[in-house]
Amino acid sequence: MKLEEIFYLHNQAIFKYLYYLLNDEKLAEDFTQETFIRYCNYQQVIKEGVELAWLRRTARNIAYDYYRRKKLIQFVPFLQQYEEQASPTPHQWLMQQEDAKMLYLAIRKLKMTYRDVIILRKIEGLSIEETCHVLGWNEGKVKNTLKRALIALKKELGGEFHEE
């Protein structure tokens, strides 16, 4: 597949993933571009069909490098997306915003491995196999870390979390 095709297929997914990790639109744009520049340099050695996993892993490494350089290990808030409801009332909308704020503040307190697995599995909706490719973990580690991450998140939320 040509670089242009890979870019158009996956640039939004990579940008969104980086935005969740960084909570900075400009950085997410810059790091998305950096991810695809690195893809250009390595596209001959990347197997066909695993491009998105390679891109996510590279984007993750770029973000981690940024945190290491800045000595910032701080999660970036994300916006929880609620399923469309028929015109929520102002009270419902405010409650949703408050719930989302509580959720991202709680995730911010988790360690990075927990944040990674929650973002990839629960927010991005990746399969266990896809998450294994991105994180470089085996299936058991992904499942166990997700379980521990959800328990830690529930604890941070004071027991108010229900896995969906």
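1. Helix α1 passes helix α5 in a right-handed crossing; a crossing is right-handed if the near helix is turned clockwise from the far one by less than a right angle, and left-handed if anticlockwise. The model is predicted: local features need pLDDT of at least 70, side-chain atom pairs count only at pLDDT 80 or more, and totals for chains, interfaces and linings use all residues. Residues are numbered from 1 along each chain as its sequence is written, and side-chain values use heavy atoms, with hydrogens and water left out.

2. The axes of α1 and α5 (residues 112–123) come within 11 Å and cross at roughly 140 degrees. This angle makes α1 oblique to α5, the term for angles that are not under 35 degrees (roughly parallel), over 145 (roughly antiparallel) or 65 to 115 (roughly perpendicular). Y17, Y20 and L21 of α1 meet D116, I119, L120 and I123 of α5 in this contact (heavy atoms within 4.5 Å). Of these residues, 6 are nonpolar, none is polar and 1 is charged.

3. Helix α1 spans residues 3–22 and bends by about 50 degrees at H10, the bend being the angle between axes fitted to the seven residues ending there and the seven starting there. H10 is also among the buried residues of α1, as are Y17, Y20 and L21 (under 20% relative accessible area, 1.4 Å probe, protein chains only). Just after α1, N23 has a positive phi of about 55 degrees.

4. T35 lies in helix α2 (residues 25–42) and is buried, at a relative accessible area of 0%. Beyond its neighbours within four places in sequence, T35 contacts I14, L18, W54, L55, T58, A59 and I62.

How values were computed
Helices (H or I, at least four residues) and strands (E, at least two) are DSSP runs, numbered from the N terminus. Buried means under 20% relative accessible area, exposed over 50%, partly exposed in between (1.4 Å probe, protein chains only). Axes are lines fitted to C-alpha atoms, for helices over the stretch in contact, and angles run from 0 to 180 degrees between N-to-C directions. Ala, Val, Leu, Ile, Met, Phe, Trp, Tyr, Cys and Pro count as nonpolar, Asp, Glu, Lys and Arg as charged, and the others, Gly among them, as polar.
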